[in-house]
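Good morning, colleagues. I shall present one chain today, beginning with a single side chain and then widening the view. Please look at the display first.

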Amino acid sequence: GNGRRCIANTFFRVYPVRTSNAFGDLDYPVDLNTLPAGGHINPGDTWGFQIMYRDPAAGGGLFNVTDGLRTTWCL
């Protein structure tokens with residue numbers, strides 16, 4: 001794509017296709033009861049999140065990625 005993946009291995013692609021609103025905003029609630037196999041979260045773990053999106057107007061790869069978000073989980 002036109003962006004840079006900043007999420008390190010191992011990563012999971014688990015969420016279905018969603019459409020952003022008129023402002024380009026997109027919410028993805030994380031359901032901690034339906035994580036992918038091998039994707040369990042323990043207190044103190046740090047996880048990163050990033051969204052890939054279609055961007056045909058930009059040319060090139062026709063898709064891009066958001067900035068990454070990193071969070072540390074606690075009890």
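**An aromatic pair and its surroundings**

Trp47 is buried, with a relative accessible area of 18%. The term buried applies under 20% relative accessible area, exposed applies over 50%, and partly exposed covers what lies in between, with a 1.4 Å probe and protein chains only. Residues are numbered from 1 along each chain as its sequence is written, and side-chain values use heavy atoms, with hydrogens and water left out.

Which residue forms an aromatic pair with Trp47? The count of aromatic pairs comes to one. The partner is Phe49: the two rings are tilted, 6.2 Å centre to centre, with 35 degrees between the planes. Rings of Phe, Tyr and Trp (its six-membered ring) pair if their centres lie within 6.5 Å; planes under 30 degrees apart are stacked, those over 60 are edge-to-face, and the rest are tilted. Phe49 is partly exposed, at a relative accessible area of 23%.

Let me turn to the segment before strand 1. Asp31 lies in this segment, strand 1 being residues 46–49. Strands are DSSP runs of E with at least two residues, helices are runs of H or I with at least four, and both are numbered from the N terminus. Asp31 is partly exposed, with a relative accessible area of 36%, and its side chain reaches the backbone nitrogen of Asn33 at 2.9 Å.

Gly44 also has its place in the segment before strand 1. Its C-alpha atom is separated by 5.6 Å from that of Cys74, 30 residues apart along the chain. Leaving aside residues up to four places away in sequence, Gly44 touches Thr72 and Trp73, where a contact means heavy atoms within 4.5 Å.

I now come to the chain as a whole. There are zero helices and four strands. Of the 75 residues, 7% count as buried. Among contacts with a separation of 6 or more, 47% come from residues 24 or more positions apart.

Finally, confidence. The average pLDDT, the predictor's confidence in each residue from 0 to 100, is 78 for the chain, and 85% of the residues score at least 70. Where pLDDT is low, the predicted coordinates should not be read in detail.

Definitions and conventions:
This is a predicted model: local features need pLDDT of at least 70, side-chain atom pairs count only at pLDDT 80 or more; totals for chains, interfaces and linings use all residues. A polar contact is a pair of N or O atoms within 3.5 Å; within protein, one must be able to donate a hydrogen and the other to accept it, and residues adjacent in sequence count only if both atoms are side-chain atoms.
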